[in-house]
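Q: I have a new model open and want to learn to read it. Please take me through it feature by feature.

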Amino acid sequence: MVKLTMIARVTDGLPLAEGLDDGRDMPDSEFYKQQVKALVKNLSRGHNEASRMSVETGPYVFHYIIEGRVCYLTMCDRAYPKKLAFQYLEDLRNEFERVNANQIETAARPYAFIKFDTFIQKTKKLYQDTHTQRNISKLNDELYEVHQIMTRNVQEVLGVGEKLDQVSQMSSRLTSESRIYAEKAKDLNRQALIKKYAPVAIVLGVVILLLWVKNKIW
């Protein structure tokens with residue numbers, strides 16, 4: 001069965017629409033919603049370049065497609081046919097682009113297209129029962145194959161994002177520390193020059209002062 005559905009803008013991770021479920025048939029719904037947000041966040045940072053992917057998480061699988069800078073993501077039971085999941089997402093994509101294409105880039109607030117939930121719920125009902133004649137026909141349809149779509153584990157996907165974040169933070173920290181060390185090195189060189197030439201400068205200053213005083217007296 002289709003459990004969760006999210007549509008988000010990939011460029012900044014802004015959620016645009018969501019399939020609103022009460023979560024009563026899924027006790028850990030909040031946990032998986034947080035994973036959805038983490039996946040979208042990773043995608044907005046460019047951590048996963050595949051435009052279509054399946055990500056396993058516990059007894060479920062996240063399936064997503066990315067088209068036109070928009071991510072269409074759903075979570076289904078592991079036993080749910082992968083082919084139907086991606087055709088469900090394609091149906092959402094076609095309608096969302098048809099209705100909202102001109103407003104996607106300018107949307108400024110989360111869930112700006114919340115009214116699209118009506119279409120999500122209607123379409124989800126069509127795909128819930130895999131044994132209907134309609135869905136059996138879709139499963140037998142050779143026009144849309146999914147066997148080449150990569151399947152990964154959610155810990156692996158999110159772990160890559162966390163490691164890249166750590167590398168980025170470490171790089172920034174090293175750059176900052178290098179700048180501090182460079183400034184300290186300049187200060188040390190400056191102090192060394194002062195210590196080296198200060199006595200000479202003082203002696204020359206005293207000599208010049210004595211000569212000036214001598215000239216004044218005479």
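Q: Is Tyr111 buried, partly exposed or exposed?
A: Relative accessible area decides: buried means under 20%, exposed over 50%, and partly exposed lies in between, with a 1.4 Å probe and protein chains only. Tyr111 has 25%, so Tyr111 is partly exposed. This is a predicted model, where local features need pLDDT of at least 70 and side-chain atom pairs count only at pLDDT 80 or more, while totals for chains, interfaces and linings use all residues. Residues are numbered from 1 along each chain as its sequence is written, and side-chain values use heavy atoms, leaving out hydrogens and water.

Q: Where does Tyr111 lie, and what is its phi?
A: Most residues other than glycine have a negative phi. Tyr111 has a positive phi, near 55°. Tyr111 sits in the loop between H2 and H3. Arg69 also has a positive phi, near 65°. Arg69 is in the loop between E4 and E5. With 52% relative accessibility, Arg69 is exposed.

Q: How many helices and strands are there?
A: Helices (H or I, at least four residues) and strands (E, at least two) are DSSP runs, numbered from the N terminus. The protein has 5 helices and 6 strands. Along the sequence the pattern is β-β-α-β-β-β-α-α-α-β-α.

Q: In what order do the strands form the sheet?
A: Two strands pair if DSSP finds at least two bridges between them. Here 6 strands make an open sheet, ordered E2-E1-E5-E4-E3-E6, with mixed pairing.

Q: How do E3 and E6 run, and how many bridges join them?
A: Strand E3 (residues 52-57) and E6 run parallel, joined by 4 bridges. Val55 has Arg152 in E6 as its bridge partner.

Q: Which helices pack on the sheet?
A: Contact means heavy atoms within 4.5 Å. For angles, axes are lines fitted to C-alpha atoms, for helices over the stretch in contact, and the values run from 0 to 180 degrees between N-to-C directions. Helix H1 (residues 29-44) packs on the sheet and touches E1, E3, E4 and E5. The direction of H1 makes about 35° with that of E4. Helix H3 (residues 117-128) packs on the sheet too, touching E1 and E2. The direction of H3 makes about 140° with that of E1.

Q: Which residues have the most contacts inside the largest nonpolar core?
A: In soluble globular proteins, nonpolar side chains tend to be buried together. A nonpolar core is a set of buried Ala, Val, Leu, Ile, Met, Phe, Trp, Tyr and Cys residues joined through side-chain atoms within 4.5 Å. The largest has 26 residues, and Ile7, Leu16, Phe96 and Phe116 have the most contacts inside it. H2 gives the largest share, 7 residues. Leaving aside neighbours within four places in sequence, the contacts of Leu16 include Ile7, Phe96 and Tyr111. A second, separate core has 22 residues, among them Val10, Met26, Met53 and Leu73.

Q: How many disulfides are there?
A: A disulfide is a covalent bond between the sulfur atoms of two cysteines. The rule used here asks for a pair of cysteine sulfur atoms within 2.5 Å. The count is 0. Cys71 is buried, at 2% relative accessible area. Cys76 is buried as well, at 0%.
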